Amino acid sequence: MRRIYLDPADCEKKYDSISIKGSTFHYLSNVLRMKEGDIFIGFDGSGIEYEISIKEVENKNIKGIILNINKIRDIEPAFDIYLFQCIPKSNKMDKIICEVSQLGVKKIFPVVSSRVVPQITKENILHKKGRWRRIAVDSSKVAGRDVIMEIEAPVKFDEAIKLPADLKIIFWEKADISLRTAINNLQRLKEGASINIFIGPEGGYTDEEVCLAEEYKAISVSMGKRILRVETASVIAVALTIYELENKLIP
(Lines give C-alpha, C1' and ligand atoms only; values in the text may rest on other atoms or scores of the structure.)
Protein backbone atom coordinates (compact mmCIF):
# COMPACT_ATOMS: atom_id res chain seq x y z
CA MET A 1 0.00 0.00 0.00
CA ARG A 2 1.36 3.43 -0.96
CA ARG A 3 2.58 5.72 1.83
CA ILE A 4 1.91 9.37 0.98
CA TYR A 5 2.95 12.58 2.72
CA LEU A 6 -0.10 14.74 3.44
CA ASP A 7 0.95 18.37 3.55
CA PRO A 8 -1.08 19.87 6.45
CA ALA A 9 -1.65 23.00 4.36
CA ASP A 10 -3.50 20.89 1.75
CA CYS A 11 -5.59 18.73 4.07
CA GLU A 12 -8.65 19.29 6.24
CA LYS A 13 -9.71 16.48 8.57
CA LYS A 14 -13.09 16.29 10.29
CA TYR A 15 -14.06 13.24 12.30
CA ASP A 16 -13.56 10.29 9.91
CA SER A 17 -13.41 12.35 6.69
CA ILE A 18 -10.61 14.19 4.95
CA SER A 19 -10.48 16.73 2.12
CA ILE A 20 -7.27 17.02 0.09
CA LYS A 21 -6.40 19.95 -2.17
CA GLY A 22 -3.35 21.76 -3.55
CA SER A 23 -0.11 20.01 -4.44
CA THR A 24 -1.09 16.87 -2.52
CA PHE A 25 -4.25 16.60 -4.61
CA HIS A 26 -2.18 17.07 -7.78
CA TYR A 27 0.21 14.29 -6.76
CA LEU A 28 -2.54 11.83 -5.88
CA SER A 29 -4.79 12.60 -8.85
CA ASN A 30 -2.48 13.55 -11.71
CA VAL A 31 0.74 11.72 -10.87
CA LEU A 32 -0.45 8.54 -9.12
CA ARG A 33 -3.80 8.53 -10.98
CA MET A 34 -5.63 7.43 -7.85
CA LYS A 35 -9.39 7.08 -8.14
CA GLU A 36 -12.52 6.34 -6.15
CA GLY A 37 -12.13 3.21 -4.05
CA ASP A 38 -8.32 3.33 -3.90
CA ILE A 39 -6.77 3.03 -0.43
CA PHE A 40 -3.45 4.50 0.74
CA ILE A 41 -1.55 5.34 3.92
CA GLY A 42 -1.09 9.04 4.66
CA PHE A 43 1.20 10.71 7.22
CA ASP A 44 1.53 14.40 8.06
CA GLY A 45 4.63 14.64 10.27
CA SER A 46 2.65 14.52 13.52
CA GLY A 47 3.58 10.93 14.35
CA ILE A 48 0.24 9.58 13.11
CA GLU A 49 -0.61 7.49 10.04
CA TYR A 50 -4.04 7.47 8.41
CA GLU A 51 -5.46 4.65 6.30
CA ILE A 52 -7.58 6.50 3.75
CA SER A 53 -10.13 5.28 1.22
CA ILE A 54 -10.88 7.70 -1.63
CA LYS A 55 -14.58 8.45 -1.72
CA GLU A 56 -14.72 11.04 -4.49
CA VAL A 57 -12.31 12.79 -6.89
CA GLU A 58 -13.47 16.24 -7.95
CA ASN A 59 -11.82 18.86 -10.15
CA LYS A 60 -9.43 20.19 -7.48
CA ASN A 61 -10.39 18.17 -4.44
CA ILE A 62 -10.23 14.59 -3.21
CA LYS A 63 -12.68 13.51 -0.52
CA GLY A 64 -11.72 10.48 1.53
CA ILE A 65 -12.79 8.37 4.47
CA ILE A 66 -10.31 7.71 7.29
CA LEU A 67 -10.54 3.97 7.93
CA ASN A 68 -7.88 3.68 10.64
CA ILE A 69 -5.59 5.93 12.66
CA ASN A 70 -2.33 4.53 14.00
CA LYS A 71 0.59 5.99 15.91
CA ILE A 72 3.79 5.33 14.01
CA ARG A 73 6.46 3.20 15.69
CA ASP A 74 8.99 5.62 17.12
CA ILE A 75 12.23 5.34 15.12
CA GLU A 76 13.52 8.84 15.78
CA PRO A 77 16.81 9.36 17.64
CA ALA A 78 16.49 9.99 21.36
CA PHE A 79 18.05 13.42 20.83
CA ASP A 80 17.61 16.24 18.32
CA ILE A 81 20.23 16.34 15.57
CA TYR A 82 20.73 19.67 13.79
CA LEU A 83 23.09 19.68 10.81
CA PHE A 84 24.83 22.96 10.00
CA GLN A 85 25.99 22.28 6.45
CA CYS A 86 28.19 24.77 4.63
CA ILE A 87 26.69 25.14 1.16
CA PRO A 88 28.68 23.10 -1.38
CA LYS A 89 29.02 23.66 -5.11
CA SER A 90 26.64 22.37 -7.78
CA ASN A 91 23.77 20.15 -6.60
CA LYS A 92 25.70 18.36 -3.85
CA MET A 93 23.32 19.75 -1.26
CA ASP A 94 20.53 17.70 -2.87
CA LYS A 95 22.39 14.47 -2.14
CA ILE A 96 23.27 15.53 1.41
CA ILE A 97 19.64 16.36 2.20
CA CYS A 98 18.47 13.08 0.69
CA GLU A 99 20.82 11.02 2.83
CA VAL A 100 20.78 12.81 6.19
CA SER A 101 16.98 13.08 6.21
CA GLN A 102 16.91 9.28 6.20
CA LEU A 103 19.34 9.11 9.12
CA GLY A 104 17.20 11.13 11.53
CA VAL A 105 18.36 14.75 11.26
CA LYS A 106 15.65 17.07 12.58
CA LYS A 107 16.73 20.28 10.83
CA ILE A 108 19.40 21.26 8.34
CA PHE A 109 20.81 24.78 8.29
CA PRO A 110 22.55 25.85 5.04
CA VAL A 111 25.61 27.77 6.27
CA VAL A 112 27.68 30.45 4.55
CA SER A 113 31.30 30.27 5.73
CA SER A 114 34.33 32.11 4.34
CA ARG A 115 35.18 29.36 1.80
CA VAL A 116 31.66 28.78 0.48
CA VAL A 117 31.82 29.24 -3.30
CA PRO A 118 28.18 29.50 -4.53
CA GLN A 119 26.60 32.94 -4.69
CA ILE A 120 23.68 33.04 -2.29
CA THR A 121 20.68 35.21 -3.21
CA LYS A 122 17.12 35.29 -1.90
CA GLU A 123 15.82 34.20 -5.30
CA ASN A 124 17.95 31.10 -5.78
CA ILE A 125 17.56 30.03 -2.14
CA LEU A 126 13.76 30.30 -2.41
CA HIS A 127 13.90 28.03 -5.46
CA LYS A 128 16.36 25.63 -3.82
CA LYS A 129 14.38 25.41 -0.56
CA GLY A 130 11.34 24.21 -2.47
CA ARG A 131 13.36 21.47 -4.15
CA TRP A 132 15.18 20.58 -0.93
CA ARG A 133 11.85 20.27 0.88
CA ARG A 134 10.55 17.82 -1.73
CA ILE A 135 13.74 15.76 -1.43
CA ALA A 136 13.40 15.67 2.36
CA VAL A 137 9.78 14.52 2.10
CA ASP A 138 10.60 11.70 -0.33
CA SER A 139 13.61 10.53 1.70
CA SER A 140 11.66 10.57 4.95
CA LYS A 141 9.02 8.35 3.33
CA VAL A 142 11.70 5.89 2.26
CA ALA A 143 13.07 5.71 5.82
CA GLY A 144 9.62 5.36 7.38
CA ARG A 145 10.13 8.45 9.51
CA ASP A 146 7.14 10.10 11.13
CA VAL A 147 8.63 13.59 10.82
CA ILE A 148 9.93 15.56 7.87
CA MET A 149 13.36 17.15 8.20
CA GLU A 150 12.99 20.93 8.17
CA ILE A 151 15.04 23.16 5.86
CA GLU A 152 16.04 26.41 7.53
CA ALA A 153 17.05 29.71 5.93
CA PRO A 154 20.78 30.18 5.21
CA VAL A 155 22.82 31.50 8.11
CA LYS A 156 26.36 32.88 8.37
CA PHE A 157 28.85 30.67 10.18
CA ASP A 158 29.69 33.23 12.85
CA GLU A 159 25.98 33.42 13.72
CA ALA A 160 25.33 29.67 13.46
CA ILE A 161 28.09 28.73 15.88
CA LYS A 162 26.53 30.95 18.56
CA LEU A 163 23.20 29.12 18.53
CA PRO A 164 22.67 27.20 21.79
CA ALA A 165 22.92 23.40 22.03
CA ASP A 166 23.69 20.74 24.61
CA LEU A 167 26.55 19.56 22.42
CA LYS A 168 28.32 21.16 19.44
CA ILE A 169 30.61 19.10 17.21
CA ILE A 170 32.65 20.61 14.36
CA PHE A 171 34.35 18.17 11.99
CA TRP A 172 37.78 19.48 10.94
CA GLU A 173 40.60 17.75 9.12
CA LYS A 174 43.23 19.29 11.44
CA ALA A 175 41.59 18.11 14.66
CA ASP A 176 43.70 15.95 16.97
CA ILE A 177 41.01 13.71 18.47
CA SER A 178 38.48 11.30 17.02
CA LEU A 179 34.73 11.56 17.43
CA ARG A 180 34.68 8.44 19.64
CA THR A 181 37.33 9.83 21.97
CA ALA A 182 35.54 13.16 22.24
CA ILE A 183 32.22 11.49 23.05
CA ASN A 184 33.80 9.09 25.55
CA ASN A 185 35.11 12.13 27.41
CA LEU A 186 31.62 13.61 27.79
CA GLN A 187 29.11 13.15 30.55
CA ARG A 188 25.83 11.44 29.71
CA LEU A 189 23.29 13.43 27.74
CA LYS A 190 19.65 13.44 28.68
CA GLU A 191 16.96 12.24 26.30
CA GLY A 192 15.95 15.09 24.00
CA ALA A 193 19.37 16.78 24.12
CA SER A 194 20.18 19.06 21.18
CA ILE A 195 23.23 18.18 19.07
CA ASN A 196 24.61 20.70 16.55
CA ILE A 197 26.88 19.15 13.90
CA PHE A 198 29.00 21.46 11.73
CA ILE A 199 30.35 20.38 8.32
CA GLY A 200 32.52 22.70 6.20
CA PRO A 201 32.52 23.39 2.44
CA GLU A 202 34.87 21.86 -0.13
CA GLY A 203 37.78 24.02 1.06
CA GLY A 204 37.14 23.25 4.72
CA TYR A 205 37.02 25.64 7.63
CA THR A 206 39.65 28.29 8.25
CA ASP A 207 41.72 28.18 11.43
CA GLU A 208 39.95 31.35 12.56
CA GLU A 209 36.51 29.74 12.16
CA VAL A 210 37.52 26.72 14.22
CA CYS A 211 38.96 28.99 16.94
CA LEU A 212 35.63 30.85 17.01
CA ALA A 213 33.77 27.54 17.23
CA GLU A 214 35.88 26.45 20.19
CA GLU A 215 35.19 29.79 21.90
CA TYR A 216 31.52 28.86 21.77
CA LYS A 217 32.14 25.42 23.29
CA ALA A 218 32.22 23.39 20.07
CA ILE A 219 34.41 20.27 20.10
CA SER A 220 36.59 19.91 16.99
CA VAL A 221 36.98 16.27 15.90
CA SER A 222 38.53 14.33 13.04
CA MET A 223 37.00 11.66 10.82
CA GLY A 224 40.35 10.04 10.15
CA LYS A 225 43.34 10.37 7.86
CA ARG A 226 41.51 10.37 4.53
CA ILE A 227 40.11 13.46 2.83
CA LEU A 228 36.45 12.91 1.87
CA ARG A 229 34.12 14.62 -0.53
CA VAL A 230 31.85 17.01 1.34
CA GLU A 231 28.71 15.04 0.46
CA THR A 232 30.35 11.86 1.78
CA ALA A 233 31.72 13.54 4.90
CA SER A 234 28.30 14.92 5.87
CA VAL A 235 26.58 11.54 5.76
CA ILE A 236 29.39 9.75 7.61
CA ALA A 237 29.58 12.49 10.26
CA VAL A 238 25.86 12.30 11.03
CA ALA A 239 25.77 8.49 11.00
CA LEU A 240 28.82 8.16 13.28
CA THR A 241 27.53 10.79 15.70
CA ILE A 242 24.15 9.09 16.05
CA TYR A 243 25.80 5.69 16.45
CA GLU A 244 28.24 6.82 19.13
CA LEU A 245 25.64 8.76 21.08
CA GLU A 246 23.01 6.02 20.97
CA ASN A 247 25.49 3.43 22.15
CA LYS A 248 27.40 5.39 24.78
CA LEU A 249 25.48 8.37 26.07
CA ILE A 250 21.82 7.43 26.17
CA PRO A 251 21.01 5.09 29.09
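This report describes the strands, nonpolar cores and selected helices of the structure above.

The structure is a predicted model, in which local features need pLDDT of at least 70 and side-chain atom pairs count only at pLDDT 80 or more, whereas totals for chains, interfaces and linings use all residues. Residues are numbered from 1 along each chain as its sequence is written, and side-chain values use heavy atoms, with hydrogens and water left out.

Helices (H or I, at least four residues) and strands (E, at least two) are DSSP runs numbered from the N terminus, and two strands count as paired if DSSP finds at least two bridges between them. On this basis, six strands form an open sheet of mixed pairing, in the order β1-β4-β5-β6-β3-β2. Its edges are β1 (3-5) and β2 (11-14), each of which pairs on one side only. From one strand to the next the twist averages 35°, where axes are lines fitted to C-alpha atoms and angles run from 0 to 180 degrees between N-to-C directions.

| Paired strands | Bridges | Opposing residues |
| β8 and β9 (residues 150-151) | two bridges | I108 and I151 |
| β8 and β10 (residues 155-156) | two bridges | V112 and K156 |

Together with helix α2, strands β7 and β8 make a right-handed β-α-β unit; right-handed here means that, with the strands pointing away from the viewer, the path from the first strand over the helix to the second runs clockwise.

A nonpolar core is a set of buried Ala, Val, Leu, Ile, Met, Phe, Trp, Tyr and Cys residues joined through side-chain atoms within 4.5 Å, and buried means under 20% relative accessible area, exposed over 50% and partly exposed in between (1.4 Å probe, protein chains only). The largest such core has 36 residues, and those with the most contacts inside it are L83, I97, I108 and I195. Among the elements that each supply at least two residues of this core are β7 (80-86), α2 (92-103), α3 (122-143) and α7 (230-248). Apart from this core lies another, of 19 residues, including Y82, F84, I161 and I170. Contact means heavy atoms within 4.5 Å, and I97, leaving aside its neighbours within four places in sequence, is in contact with I108, W132, I135, A136, M149 and I151.

Helix α6 (residues 207-215) has E209, V210 and A213 buried. Seen down the axis of α6, its buried residues fall within an arc of 95°, so they line one face of the helix; the arc is that of the directions from the helix axis to the C-beta atoms. These buried residues pack against α4 (157-160), β11 and β13 (218-221), while the face turned away from the buried side carries the exposed residues E208 and E215. Just after α6, K217 takes a positive phi of about 70°.

In helix α7 lies I236, which is partly exposed, with a relative accessible area of 32%. Not counting residues up to four places away in sequence, I236 touches M223 and L228. The C-alpha atoms of I236 and I87, residues that are 149 apart along the chain, are separated by 17 Å.
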